[in-house]
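Hello,

Here is the structure I promised to pass on to you. Have a look first, and then read on for what turned up.

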Amino acid sequence: MTKLTKLGLAALACAATLVAHASTAEDTLLAALKRSYPGTAFDTVTATPIPHVFEVWMGENVGFVADTRPDYMIFGRLVDLRAMRDVTAPKLQQRSDAASPAAPTAAAIDVRQLPLADAIVSTQGKGERVLYLFTDPHCPYCRQLEPELTKIPNLRIYNFMVPFQDQALPVRIWCAADRLAAWRSAVSGTLDEHGAPVQCAHPLDRNLALASKLGVQGTPTLFFADGARETGFINASEIEAHLAQAASSRQASKNPKE
């Protein structure tokens, strides 16, 4: 065997080892995340150009995790500053296209059947428009959604907390004298999570069962008056568009064509 051939075979073997190692690292990290956070629907884990940093997909949402510290996650986009290129944007677009109306979507629900007494209620303005949320106070996208919701006038929000990660913080919120204030403190990071344990009658187990029945697998999940749903963070203008569509659908159902 020639020296050149030996070098070529060695290079191929080295490349195969690196690929196998990368695949193993991704699979190992994905398994660890699923094991540690069973309530979160982790999709795929992909290596990034940064050593030990991996892209973690949860449906259309993405975060970044170092395999050396998988208990921390960074949310946002990865940008190549030298090339001034948003590395994450094309993948977000691809996921968005896959979830477009042309693709199969989750069925609408009958919002009249929702047990509203099991939700935290807030009203902005007259509250003539309605939004139903499934949230987790630990969920970073729920925290990101909160300031968007405050931009929307004339809205009543029913917030069903689902303890996908643990119950301690949701129980603390529900048992507070002012649940809405406690929720807002929790998502802003100012609520003390480490005080003495609290206990009261709460709907969290029922909310988990309801989420399972409706096919809610991640937070935030938003339902509108016409039963249509959106999963993941969306901004105020997108919510406004859905509210307008729900109002139009409701009006059409009241005045069917002859």
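How many aromatic pairs does the structure hold? There are three of them, in what is, please keep in mind, a predicted model.

Let me start with the tyrosines. The ring centres of Tyr 132 and Tyr 158 are 5.6 Å apart and the planes meet at 15°, so this pair is stacked. Tyr 132 belongs to strand S8 (residues 129–135) and Tyr 158 to strand S9 (residues 155–161), so the pair ties together parts that are 26 residues apart in sequence. Both Tyr 132 and Tyr 158 are buried.

Now the phenylalanines. Phe 134 and Phe 160 have ring centres 5.1 Å apart, with their planes at 15°, so they count as stacked because planes under 30 degrees apart are classed that way. This pair links distant parts of the chain, with Phe 134 in strand S8 and Phe 160 in strand S9, 26 residues apart. Phe 134 is buried, and Phe 160 is buried too. Together with Phe 223, Phe 134 and Phe 160 form one aromatic cluster.

One more ring to look at: the charged end of Arg 179 sits over the ring of Trp 174, 3.7 Å from the ring's centre.

As for the whole chain, you will find seven helices and eleven strands. Of the 258 residues, 35% are buried. Among contacts between residues at least 6 apart in sequence, 62% join residues at least 24 apart. The chain exposes about 15,100 Å², with 57% of that supplied by carbon and sulfur atoms.

Methods
Residues are numbered from 1 along each chain as its sequence is written. This is a predicted model: local features need pLDDT of at least 70, side-chain atom pairs count only at pLDDT 80 or more; totals for chains, interfaces and linings use all residues. Side-chain values use heavy atoms; hydrogens and water are left out. Rings of Phe, Tyr and Trp (its six-membered ring) pair if their centres lie within 6.5 Å; planes under 30 degrees apart count as stacked, over 60 as edge-to-face and the rest as tilted. Helices (H or I, at least four residues) and strands (E, at least two) are DSSP runs, numbered from the N terminus. Buried means under 20% relative accessible area, exposed over 50%, partly exposed in between (1.4 Å probe, protein chains only). A charge sits over a ring if NZ of Lys or CZ of Arg is within 6 Å of the ring centre and within 35 degrees of the ring normal. Contact means heavy atoms within 4.5 Å. Accessible areas come from the Shrake-Rupley method with a 1.4 Å probe; for residues, only the protein chains shown count as cover.
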